[in-house]
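Hi,

Here is the model I promised to pass on.

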Amino acid sequence: SSAGHRIEFAGFVNPEQLEQYLGSASIGINMLTAQSLNYKLSLGNKFFDYLHASIPAIHMNYPEYALLNKEFNVVELVEDYSTSSLVTAVQTLNNIEHYKRLQNNCINARHQLNWQKEEQVLLSLYHQINL
């Protein structure tokens, strides 16, 4: 059976509409590609958007995603965006126990991976600089 009727490619979504889209999503896919070393070493906002919406997602196995996933176990990592890699990742997320485990890990991780926590780190750094 085709899953085409259950898949939506939203394209660019305005930030104020993002919560509405994520509210109806089951799986997120971050299609960020390493167009440059900067992209490969960066951490896209989509990682946090999906995490804070408690949506297990599929991301490339880039260093920062791998590091956070090693600590929090919240996503499926793929080596490429080939059809077979994506199908395997989606099938893995289709295992309800595994999916619920990642979803619960998202809920727990968002208490640590949020702007309020990062704000305190930045403020502490700024205070040290202003000595």
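This is a predicted model: local features need pLDDT of at least 70, side-chain atom pairs count only at pLDDT 80 or more; totals for chains, interfaces and linings use all residues.

A quick definition to begin with: a residue counts as buried under 20% relative accessible area, exposed over 50%, and partly exposed in between (1.4 Å probe, protein chains only).

Residues are numbered from 1 along each chain as its sequence is written, and side-chain values use heavy atoms, with hydrogens and water left out.

On the overall layout, the protein has seven helices and three strands (DSSP runs numbered from the N terminus: helices are H or I with at least four residues, strands are E with at least two). Along the sequence they follow the pattern α-β-α-α-β-α-β-α-α-α.

The three strands form an open sheet in the order β1-β2-β3, with parallel pairing; two strands pair if DSSP finds at least two bridges between them. β1 (28-29) and β3 (75-78) are the edge strands, each pairing on one side only. Strand β2 (residues 57-60) is joined to β3 by four bridges in the parallel sense, and Ala57 has Val75 as its bridge partner in β3. Helix α5 (residues 83-93) packs on the sheet and touches β1, β2 and β3, where contact means heavy atoms within 4.5 Å. The direction of α5 makes about 160° with that of β3 (axes are lines fitted to C-alpha atoms, for helices over the stretch in contact, and angles run from 0 to 180 degrees between N-to-C directions).

Now the inside. A nonpolar core here is a set of buried Ala, Val, Leu, Ile, Met, Phe, Trp, Tyr and Cys residues joined through side-chain atoms within 4.5 Å. The largest one has 25 residues, and Phe47, Leu51, Val74 and Leu113 touch the most other members. Two or more residues each come from α3 (45-52), β2, α4 (63-72), β3, α5 and α6, with α6 giving the most, at four residues. Leaving aside neighbours within four places in sequence, Leu113 is in contact with Phe47, Phe48, Leu51, His52, Leu68 and Phe72.

Finally, Gln112 lies in the loop between α6 (96-109) and α7 (115-129). Gln112 is partly exposed, because its relative accessible area is 44%.

Cheers
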